[in-house]
Amino acid sequence: MVFDKNILPLILFQYLPETTIFTALSMLLAGYKIRLKQVVIIGIIGALFAAVVKSQQPMPIVSTLIMVFILIILFVIISKLDVISASIAVFLGFVVLGLVEVANYFVVTGVTGITVQQAMEDLTLRLLFPLPEYILLTVLILVCQKYNFALINLKELKELSRKDYER
Amino acid sequence: MKDRTIFNIIIPLGLAFLLVSLLVLSSLNLHNLISSPLSLSEPVLFAMIIMLFITIPVLLILTKNIYLLSKQQKTLEIQDFYIEHLSELVRAIRVQRHDFVNHMQVVCALMKTGKFDKAIEYIADLSHDIQITGAMLSVDIPELSALLLAKTDLARKKEILFKITVESNLKGLEIKPLELIMVVANLLDNAFEAVESLPVDIRSVVLKVAETAEYYCLQIKNPGYIPEEIRMRIFEMGYSTKEGKERGTGLAAVKSVVEKNGGTITLQCSRDQGIIFTVSFPKPSNSER
């Protein structure tokens with residue numbers, strides 16, 4: 001296993017914020033309250049896994065799919081969600097994050113003129129490139145939390161599905 | 001969540017997931033970061049990306065709407081349950097009204113024929129019945145009163161002596177009426193089912209509603225005996241002494257609801273005392289009120 005020579009800054013300033021934001025976003029969109037401790041733990045473990053997965057240099061989408069699978073497992077173990085709820089939460093997070101990430105690619109390359117290739121080759125640019133995306137997602141998380149917005153409130157759906165009222 | 005709801009949600013969400021993967025691949029391809037599997041010309045890639053940008057939010061909205069529809073369906077199911085109980089109550093009241101007319105006719109006939117003693121005796125019996133109904137209605141949870149009224153009617157039909165003692169109006173009990181109904185209805189139905197096969201003279205169920213300084217208590221007592229090995233497993237999900245696919249969920253669900261509301265449920269059983277289920281809910285402290 002050969003790690004990138006800049007692995008530490010990458011873990012600290014790219015993988016860790018990305019995984020933490022992803023976890024918080026997934027939880028909120030699926031109607032679960034954010035527990036900071038859980039989000040940070042998933043973020044740290046997820047970031048370490050991301051470093052390992054990306055060191056293998058698989059195709060971009062393959063590494064993402066592996067990360068999705070790992071995050072589902074982490075959600076199940078750490079947040080004590082069932083597999084279906086964890087999968088839905090991670091899928092929701094992934095869809096929103098994917099949309100924002102791609103939009104970020106186009107906006108940043110369009111505004112700054114820096115190509116993705118150039119950004120990948122320079123550490124500072126690489127770390128700064130997703131910054132607008134992180135800021136936008138953080139704002140989105142704060143708004144969702146403030147207004148209790150959830151795309152699918154799995155917690156509520158579960159409560160209704162308990163069918164306690166039936167004999 | 002084992003019904004179709006999740007399946008219905010997963011389909012558009014899974015599709016959105018696949019499309020986002022395709023979107024990421026297309027945009028990376030556009031930036032020439034990868035050469036395969038997509039190697040389309042730029043205008044086609046652009047058009048595809050724009051299409052995906054439109055389709056994915058549409059799928060997300062669709063997922064949200066499916067969720068909302070499922071939620072409405074569940075709410076309707078719960079309302080159906082309420083309506084079923086209300087219908088039972090209305091039927092019970094109709095029966096009572098019909099009975100009342102009959103009683104009045106009997107009293108009238110007795111008085112007309114000069115049998116005043118018999119008439120007084122008859123009215124005394126009748127007022128006892130009315131007092132029981134009054135006790136039921138004194139509970140501060142109308143849904144519970146309605147349930148008790150309906151169950152009294154059911155007990156009468158099954159020739160079960162159903163005695164209700166109300167020593168507390170349960171004012172201050174913080175539990176959703178739906179959940180309280182579910183607990184009491186399950187325990188009463190189990191008790192009725194247990195005594196149904198007994199001789200009529202010992203076919204009785206007693207419900208006591210009381211409170212102590214710290215707890216609200218509901219106690220349901222019926223004759224019978226449960227062996228210890230069954231008692232140990234009686235609150236387990238899926239465990240039942242009766243045959244049938246849907247059995248063994250009632251008491252497990254009761255325990256889950258009671259515990260969810262911070263209460264406890266206990267089962268005492270002896271050959272002399274019979275079977276006693278006691279449900280206790282802690283009273284909220286002053287600061288919580």
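This is a predicted model: local features need pLDDT of at least 70, side-chain atom pairs count only at pLDDT 80 or more; totals for chains, interfaces and linings use all residues.
## Chain B

Chain B holds 7 helices and 5 strands. Read from the N terminus, its elements run α-α-α-α-β-α-β-β-α-α-β-β.

Chain B has 289 residues, and 24% of them are buried. Now take its contacts with a separation of 6 or more. Of these, 65% join residues 24 or more positions apart.

## Where the chains meet

Chain A gives 27 residues to the contact, and chain B gives 40. On the chain A side, four helices each supply at least two residues: α3 (60–78), α4, α5 (116–121) and α8 (154–161). The largest share comes from α4(A), with 10 residues.

What kinds of residue make up the side of chain A that touches chain B? They divide into 18 nonpolar, 5 polar and 4 charged.

## A helix pair across the contact

Two packed helices are described by the angle between their axes and the distance between the axes. The crossing of α4(A) past α1(B) is left-handed.

Which residues meet? From α4(A) they include A:I84, A:F91, A:G98 and A:Y105. From α1(B) they include B:I6, B:L13, B:F17 and B:S27. The residues of this helix contact divide into 18 nonpolar and 3 polar, with no charged.

Terms used
Residues are numbered from 1 along each chain as its sequence is written. Chains are lettered from A and ligands numbered from 1 in the order in which they are written. A crossing is left-handed if the near helix is turned anticlockwise from the far one by less than a right angle, and right-handed if clockwise. Two residues are in contact if their C-beta atoms, placed from the backbone, lie within 7 Å. Ala, Val, Leu, Ile, Met, Phe, Trp, Tyr, Cys and Pro count as nonpolar, Asp, Glu, Lys and Arg as charged, and the others, Gly among them, as polar. A residue is buried if 20 or more other C-beta atoms lie within 10 Å of its own, exposed if 12 or fewer, and partly exposed in between; C-beta atoms are placed from the backbone.
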